[in-house]
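Please keep the model in view while reading.

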Amino acid sequence: MAQRKGSDPQVLESVYSVIALVLVLFACVELCDGATVVDVYRLIQYDISGVPFGSRLAGLNHHAGSLHFPPGSDLSRTVLIIPLRELNISFVKEYISQRQPLGGLLFLLPQTFSFGNEDDKGSNRQDHGHYQMKNVIAELEQLLIHSNIPYPVYFAFEDDDIEAVLADIKKNDATGQPATATTGGYKLVISVPEPRKIVSPTITNIQGWLPGLKADGDNHLPTIAIVASYDTFGAAPALSVGSDSNGSGVVALLEIARLFSLLYSNPKTRAKYNILFGLTSGGPYNYNGTHKWLRSFDQRLRESIDYAICLNSIGSWDNDLWIHVSKPPENAYVKQIFEGFSNVAVELGLKVGLKHKKINISNPRVAWEHEQFSRLRVTAATLSELSVAPELLESTGGLVDSRHFVNETAIMRSVKLVSESLARHIYGYQGKNIEIFADNSSLAVNPFYIRSWLEFLSRTPRVTPFLSKNDPFVMALKKELEEHTDEVSVQHEVLDGMFTFYDSSRAKLNVYQVASVTFDLLLLLVLGSYLIVLFSFLVITTRGLDDLISLFRRPPSRKVKTA
C-alpha cells in the first residue's frame, strides 16, 4: 500500500502532462483540409550592379484572395490569385510602384503558354484575342522583371483544381467575407528555403568547324561564321523556353550545319572556305558569352573571317526579315552580304530589309550579337524578324515565347535563305539563279529534323545561371554539332559580375481549406470538456469521489509536514 501511495503523485503528474499536451496540440494546430497541390514557378530574383530586381522572397503561408476583395481590405497577409485573362495591369502597377502591403501574388497562365500544350502548335494564327493576351503577358513580364518586389510572386497554369478553388474564393470575397484567421477560407503554403546567390554562374560556348578544301599554296582559307545564342531569360526561369528567341536560331544553325556537312563530305563539292559554327551563351546579358568566345580567338583567325551571320528570332515572321549591321550600307562588305541575301530572297518570294545601327563603344549595352564582332572589326550581321533592337532583357525568350507561336515553316524559309546565300558566296555563284538546296533533293531542308529540335528546345528552359557545365541540354547540343562538324570544342567561362542571380525557381504549392478560429475554439472547448469529464469519471469509478476532490485541495506546506 505504501508503495502504491508513493507512486500516485507520479501517475497524476503523467495524466496532467498528457492532458496538457493534447490541449496544446489542439490549440496550436489549425484544422484544415488539403484541397490541391499545384506546380508553381517563381518570379526570377537577380541583381544588376548590386541593384535588386524581381521577387525577394520564396516562402508562403498566407490566406488566398481574389481581385474581388472588398474595398479597404488589409492584404498584407493575403496572396492574390490573378488569372491572366482577368488581369488589370494598372492594379498590379499601382501595388508594385507604391509598394503597398501584400502577402504575395499568384498569376494563372492560360494552358496555351504551357510548353506541354499540344493544341495549335505552330499555327501562327492571328486571332485578335489570342494575341492581345500575348501582349498583356509581355507587358506584365517586363513590369515584374524590372521591379523590386518584397514578397513572393509565382506563376501557375490554369487547371480544373485551381479554378475550382478560385471560384470558391471569389464567391467568399464577393459576399464581403475574405479569407482571414477569423473567417477561415483557403490558405496557400509553399515551404522552401530562402533563395541563395548562385556563385560564379557558368556560360558555355560550343563551336564546330567544317574545314574547306585547300589547294596547292593555300595556307590560310577564308572563314564564314554562322552563330546563334542559345540561352534565354524571362520572368520565370523554369518557364523560359524561348521557342523563337532564340530556339529558332539554334534550330536553323543545326540544320545549316547538317546541310553543309553533306556538301563538305565530298571533296568534289567542298568549297575553299572554312565554315565556323558557334552556339554561344550569355545572349540576354549583352552577349557576354560571344564576347568571351571571340576574345579567345587568335588574331589570325579573326582576320580570316570573311563575315559572320548571327541568327536571332527567325521563327514567327510572315512578311519581312531584317539584316542588322553596324557598318554603313555603303560599305563594300555590307553591300555584298545584303545583295547576296536580297537576290535569293526575291527568288524565294521573300522580303529582306537592311537596318543600320552605329555602335557606341562607350555604351556597355550590346543590342545585337553581331555588335560583338563589329567591336573587334570583324564584318558581321544579324538576321532577325525584329526590325528594332530590343531593350536589355527584352525579347529574350520569356513567358509568351512558347512553341504555340513558332511556325517551323518560317524557320525552314530562313534556313533556305541563309544556306543558298552562303553557298553562292563560297562557290562564286553570286548573281546566278542556281538552286543548290532544291526541294525533294538530297540537299533539301529537312522539316522533320527542324520540327524535332524545335520541340526539344520548346520543352527546355535554359536560363544561363541555372545551366551547369555538364547540363544534359548543353551535352545534347555538343553531341549534335559533333554529328555534322569537326573539331568540336566547348568553352566554359564565368558570367560577368554585373549580374547576380538567386536559386529557387520552382516549387509545390499546397492549397488548404482551413476552418475559422471560432470553429477551432468551439471544438477546443468541446474536446476540453470531454477530457475533463472523462478524467473525472475514471477517477471517481476507480478511486472514489474523495480522491477526485483531493486533487484540487491545496497541498500542506513543507513546515506542516515537518511538524
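In this predicted model, leucine 350 counts as buried because its relative accessible area is 11%, under the 20% limit that defines the class. Leucine 350 is placed in the loop that runs between helix H8 (332–348) and strand E15 (351–356). Leaving aside residues up to four places away in sequence, leucine 350 touches Trp317, Ala345 and Arg413. A further spatial relation concerns serine 414: its C-alpha lies 9.6 Å from that of leucine 350, although 64 residues separate the two in sequence.

The protein as a whole provides the setting for this residue. Its secondary structure comprises 15 helices and 19 strands. Of the 563 residues in the protein, 51% are buried. Among contacts between residues at least 6 apart in sequence, 83% join residues at least 24 apart.

Helix H5 (residues 247–264) and helix H11 (residues 447–457) have axes that come within 9 Å of each other and cross at roughly 145 degrees. The crossing of H5 with H11 is right-handed. On the H5 side the contact is made by Gly247, Val250, Val251, Leu254, Glu255 and Arg258, and on the H11 side by Tyr449, Ile450, Trp453, Leu454 and Leu457. By class, the residues of this contact between H5 and H11 are eight nonpolar, one polar and two charged.

The largest pocket has a volume of about 700 Å³. It is lined by 29 residues, and those closest to its centre are Lys134, Asp244, Leu386, Ser395 and Val400. The lining of the largest pocket divides into nine nonpolar, 13 polar and seven charged residues.

By class, eight residues lining the largest cavity are nonpolar, seven are polar and four are charged.

Methods. Residues numbered from 1 in each chain as written. Predicted model: local features only at pLDDT ≥ 70, side-chain atom pairs only at ≥ 80, totals over all residues. Heavy atoms only, no water. Axes fitted to C-alpha atoms, helices over the stretch in contact; angles between N-to-C directions. Helix = DSSP H or I, 4+ residues; strand = E, 2+ residues; numbered from the N terminus. Left-handed = near helix turned anticlockwise from the far one by under 90°. Contact = heavy atoms within 4.5 Å. Nonpolar A, V, L, I, M, F, W, Y, C, P; charged D, E, K, R; others polar. Buried < 20%, exposed > 50% of the residue type's maximum accessible area, 1.4 Å probe, protein only. 1 Å grid on protein atoms, 1.4 Å probe; cavity = no way out; pocket = protein on both sides within 12 Å on 5 of 7 lines; lining within 4 Å. Points joined across faces, edges and corners; volume = space filled by probe spheres on them.
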